[in-house]
Amino acid sequence: MAELADRVGEVIEAGTTDFVAQCYELYESPSLGSLVKTVDAPVELYGIVYNATTASLEPGRRPIARGRDEASEEGIYQSSPQLAKLLRSEFGALVVGHRQGDRLYHYLPPKPARIHGFVYLCSPEEVKEFSQSFDFLNMLISAHLPVSVEELVSACLRQMSRVYEDRHAFLVAAGKELAVLLSGNLNQLKAILGRIKE
Amino acid sequence: MTEENTERLGIVVSGSLNKGVEVRLDSSASVEDIAVGRYVTIEGEKRRFFGMITDVSLGVIDQKLTLTPPDVSDPFMAEVLAGTSTYGTLHVLPMLTIGGDVSSLIEGPQPVKTVPSHFSVVNLASQRDVELVFGSEDEKRFYIGTPLDMETRICLDLQELVKRSNGVFGKTGTGKTFLTRILLIGMLQKSAAVNLIFDMQSEYGWAGTSEGGRSVKALKQLFPSKVAVCTLDEENARRRKVSTDFVVRIGYDEIEPGDMVLLRQTLNLTELAVEAVYQLSRKFGRDWVQRTLDLKDVEELPEGLNIHESTLSNLQRGLTTIGRLPFLVPHSPDNPVKRILEYIDRGMNVVLEFGRYKDVTAYILVANLLTRRIYAQYQERMEKAMGEDAARPTPLVITIEEAHRFLNPGVASQTIFGDIAREMRKYNVTLLVIDQRPSGIDDEVMSQLGTKITCLLDNEKDIDSVLAGVSGRSELKSVLSRLESRQQALIFGHAVPMPVVVRTREYGSAESYKAFASVDESEVKKQAEKDIEELWE
């Protein structure tokens, strides 16, 4: 079971293909492209963070500028401590696989995540295990998301490559997989490769 | 390269039995490491295939890549695209199948009758695979060279080789003579056959020269007890300090009308003059040459001979040209055919050196004359052997150079060489044909050659004539025209299970002589042991 320290949020909206989680701390959402998971026993769902937002709790009430008389940005939060409670940070994760028992599947789980399920950041070991297969890349490429596919795929691969000693080999292998997947779309391939090279 | 560590090249993606299969290279294998002519094994589902790479090409997954090439100066980009968006393909011609069912285990590699299934893995052939196909050196197999980029020894089954007539082809300076010398040594060591070599340039008997002008040892120096050297030119042999076993003299009375037919072109005889030869020899008998030369004009012709004056003078001029050859004498005191046959019967190889008489007239005349008579003797003995169950004569291989002069379509049907090539081994006589213009040789004769060994050829007609009737011809053509100009040869036909490109073994250095001789020594030892055993029985 994941450590408490790796807990980054709680599911507040869930669908078959993605879920949205709220962070416990303002601005503490995981980086774009990170691998996260949530548990719906006995299934563990894996997702890749594709989007993060920070906005007012109430949709109709937008924050107003408060810093005219403050010396620093930090000062704003200090003089208005309620701000941290009126704002919230959320992130969206695209479901890219799940684990049931000992096996890892790189396709959608039978059911979506549970609301209020805890969301954890995956450990380097888990990232390594998950990225043994590049099947998830196809799901990333074919998803319709607010963020561009090139950005998401490259961010994800950069994140994952950090857990490898031989980053170059990992990126080349991923690049080759992409070259096959994007054989009909050379420009997209070039854009992604340009973003992941070291 | 060891057996365990076979190099994976790629997978089969398409193909046909006729045209060979396409292999897509793995991204880890670079096209630049692949050479045409190398061997691969294909791991099919039920059997292994053994084949040869005949072409290498480049492919792209999307034509756009060729129009807007990616920035390959970036190593990451280049590495990712290699083998995925851009890839190499090999064209492989499967030749043999190895293993699989019981019969193939017993009979060894079999010719292919099908192609491997889709996505079969293709590996570079290992040393063991090559050995399995070509066999390793033993009593009948002779190490002739190594395949390209490998250390394995390719061995020729010489006992099979000498059962048919064979050909060695190649442009001048591609190593035909060296290759032939190696082959002759092989036959001398590993086959039951003896050789009669018509040695136009005096290169096989005592010593030859390499292209660089270095002198190399030839047969007699390496195997003095197994080779006899005879010469037409005693003086030349003495000057070159060659110890000859005997000197060949040929009498006028040994020249037969058939010999003149061959010489028609070189002596510039007319058709009628050749016709006249037959009439004259019928009338005059064995002495026809001398008596024709003695004729002063047509008036002196005997009754019943109707020969025009110009024809007679044309013929006389031709005969005078022959008569000027110093080794021709009115009556030969010795019978060269008998002497040669004596050596052959003792299992010795005979090299006939031509010395200074390098012109074609002498060569054609002597080679044809001697061969015809030796062949006649063989025919007689063979027939006797069949009838009376007597011992068959020792198999004989006759080596001729400039073969297109004897075997061109115009004369092939008339010369003894044409007969030998066609009738093959019926009478235990076969040919080793050495030539630089195979297109000049009669198609029928070419088609009868069992094994062809060819160095680089670059004339389209020559290549076509050498490869006529071989399966996978167009593929072999690309291999043949890309041979290096020295020390490389393509061997195909009866004595090898599949066409093979070899880098011929070293010849001319002290070690190479030792390597040739060492086999001989071991044989001597074996013989000695056998003798001792017999002694105590």
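Predicted model: local features only at pLDDT ≥ 70, side-chain atom pairs only at ≥ 80, totals over all residues.
**Exercise 1.** Determine which elements the buried residues of α6(A) pack against.

*Solution.* The buried residues of α6(A) pack against α4 (136-142), α5 (149-161) and α7 of chain A, together with α2 (75-81) of chain B. Helices (H or I, at least four residues) and strands (E, at least two) are DSSP runs, numbered from the N terminus. A residue is buried if 20 or more other C-beta atoms, placed from the backbone, lie within 10 Å of its own. Among the residues of α6(A) that are buried are A:Phe170, A:Leu171 and A:Leu178.

Residues are numbered from 1 along each chain as its sequence is written, with chains lettered from A and ligands numbered from 1 in the order in which they are written.

**Exercise 2.** State how many residues each chain gives to the contact, and which helix of chain A supplies the largest share.

*Solution.* Chain A gives 11 residues and chain B gives 15 residues, two residues being in contact if their C-beta atoms, placed from the backbone, lie within 7 Å. On the chain A side, α6 (167-181) and α7 (186-196) each supply at least two residues. The largest share, five residues, comes from α6(A).

**Exercise 3.** Identify the edge strands of the open sheet of 12 strands in chain B.

*Solution.* The sheet has mixed pairing; strands pair if DSSP finds at least two bridges between them. β9 (154-157) and β15 (246-247) of chain B stand at the edges, each with a single partner strand, so one side of each lacks a neighbour in the sheet.

How values were computed. Buried ≥ 20, exposed ≤ 12 C-beta atoms within 10 Å, placed from the backbone.
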